[in-house]
Amino acid sequence: MTAVAIAGAAESDLGVTGRSILGLQAQAVTRALADAGLTLADVDGVATTGVSRFSATQLAEYLGLRPSWTDSTFAGGSAFEMYVARAVQAIEAGQCSTVVVSFASNQRSARSRSLGGVVETHTPEAQFETPYGPLYPISYYAMAAQQYLHRYGGTREQLAEVAVAAREWALLNPAAYRHGAGPLSAAEVLAAPMVSTPLTSAGCCLVTDGGGAIVLTSLERARDLRRPPVRVLGYGERTTNTSMTAVDDLTVTGAVEAGRDAFARAGLTPADVDVAEVYDSFTITVVLTLEALGFCGRGEALDWIAGGRIRPGGDFPLDTSGGGLSYCHPGQYGVLLLVEAVRQLRGECGQRQVPGAEVALAHGTGGILSTHATVLLGVDR
């Protein structure tokens, strides 16, 4: 266990905001600091990405900060769990005392997200992949889903349970983009427009504005602040591939090693987790991650999540905000996994609160199953 805690957590405005990226970032950061009972004057560490070429520099200048430590590693949706690890190390080393980890995007208002994604024709793998016209990243996750269903004999209806459960959680979260949309059935997931076989639009994450931030400081200091501290218990990460060309087995991800390291550092096992916030860019992402983290065996996830296990009232609370599928997905979702995990451990989630939650897991996935980072958090005892 580390001697560092999360002292504050907050979202920016979500959905369709009409705001700038920096405006949303400022909302997230100042709200998280207010949640902790701190101000910008207390911040000497900044970790962010997605603002510009020099994201941490840009945000620091915008907020009037001169940080002694920054990180703007770009690793997709897992970057924020990676930032937690770096922030813990920096605080424990005395390089800084108070770190803000943040992200925001206005991709829906700005219409900056395209179905085809970003194609980098100069990369080595492009010669093998670009001629087939894949949608980035959807087609790559779709290939992983196809291989998984073929290998283990699962069905698209079973896979749809991930989206159905996410909607059930979103109905309990007033901030969720799909909060008022009503329940979602497996039949509706399957009948939604096909985007990249076997993934329909209902099996793909939202495209929204939004963002969030968390504030990390020493556990000793956090105990004197406004909110109950949430301890950082352990962390782990792996970077595996930039392309699908290099992957031998699309059903095995670096979450295996990332989770193993996080549990080892925390001195915990998957059985100790009370609530899990797992990146759900697509329904298949959740299935592969649950198996990789050791919550069930290889090829078992579709049966394991059946029967309402991951829905409200089930025995494995998963993506309790509604996730990227029904709550919010601003392009990189990892920081909001941490925000929800913190709120669950502080008992602040109202109708969707998991009773007695003491250990939470947040796991981010970036790229095309390329980067993987796990963080374990716990209440302060």
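In which loop is R111 found? In this predicted model, R111 occupies the loop between helix 4 (107–110) and helix 5. Its phi is near 50°, a positive value in a residue other than glycine. R111 counts as exposed because its relative accessibility is 75%, and the cut-off for that class is over 50%. A phi near 50°, again positive in a residue other than glycine, is also found at D319. This residue is placed in the loop between helix 12 and helix 13 (323–326). D319 is buried, with a relative accessible area of 4%.

The loop between helix 12 and helix 13 also holds F316. With a relative accessibility of 7%, F316 counts as buried. Neighbours within four places in sequence aside, the contacts of F316 are A276, L290, F295, W304, R309 and I310. F316 and V273 are separated by 43 residues in sequence, while their C-alpha atoms are 8.8 Å apart in space.

The largest nonpolar core comprises 57 residues, and I284, F295, L361 and L376 have the most contacts inside it. Two or more residues are given to this core by each of helix 6 (138–152), helix 7 (156–170), helix 8 (186–191), helix 10 (255–266), strand 9 (275–278), helix 11 (283–292), helix 12 (301–304) and strand 10 (359–366). The most is given by helix 6, which supplies 8 residues.

When neighbours within four places in sequence are left aside, L376 is in contact with R231, V232, L233 and G234, with A262, F263 and A266, with V273, and with V359, A360 and L361. One of these residues, L361, is itself among those with the most contacts inside the largest core.

Two helix pairs were characterised in detail. Helix 7 packs against helix 11 at an angle of about 100°, and their axes are 8 Å apart. Helix 7 is therefore roughly perpendicular to helix 11, the range for this class being 65 to 115 degrees. On the side of helix 7 the contact is made by L159, V162 and A163, and on the side of helix 11 by T283, I284, V286 and V287. Sorted by class, the residues of this contact are 6 nonpolar and 1 polar, with no charged residue. I284, which takes part in this contact, is also one of the residues with the most contacts inside the largest nonpolar core.

In the second pair, helix 3 (residues 79–92) and helix 14 (residues 334–345) have axes 6 Å apart and pack at an angle of about 65°. Here F80, E81 and V84 of helix 3 meet G334, V335, L337 and L338 of helix 14. This contact is made up of 5 nonpolar residues, 1 polar residue and 1 charged residue.

F80 of helix 3 is also a contact of S102. S102 is located in strand 4 (residues 98–105) and, at 0% relative accessibility, counts as buried. Apart from neighbours within four places in sequence, S102 is in contact with Q25, V29, A47, T48, T49, L59, F80, G212 and A213.

The peptide bond from Y136 to P137 is cis, with omega near 5°, and P137 lies in the loop between helix 5 (126–129) and helix 6. T197 and P198 are likewise joined by a cis peptide bond, for which omega is about 10°. The position of P198 is in the loop between strand 5 (194–196) and strand 6 (199–200).

Conventions
Residues numbered from 1 in each chain as written. Predicted model: local features only at pLDDT ≥ 70, side-chain atom pairs only at ≥ 80, totals over all residues. Heavy atoms only, no water. Core = buried A, V, L, I, M, F, W, Y, C linked by side-chain atoms within 4.5 Å. Buried < 20%, exposed > 50% of the residue type's maximum accessible area, 1.4 Å probe, protein only. Helix = DSSP H or I, 4+ residues; strand = E, 2+ residues; numbered from the N terminus. Contact = heavy atoms within 4.5 Å. Axes fitted to C-alpha atoms, helices over the stretch in contact; angles between N-to-C directions. Parallel < 35°, antiparallel > 145°, perpendicular 65-115°, else oblique. Nonpolar A, V, L, I, M, F, W, Y, C, P; charged D, E, K, R; others polar.
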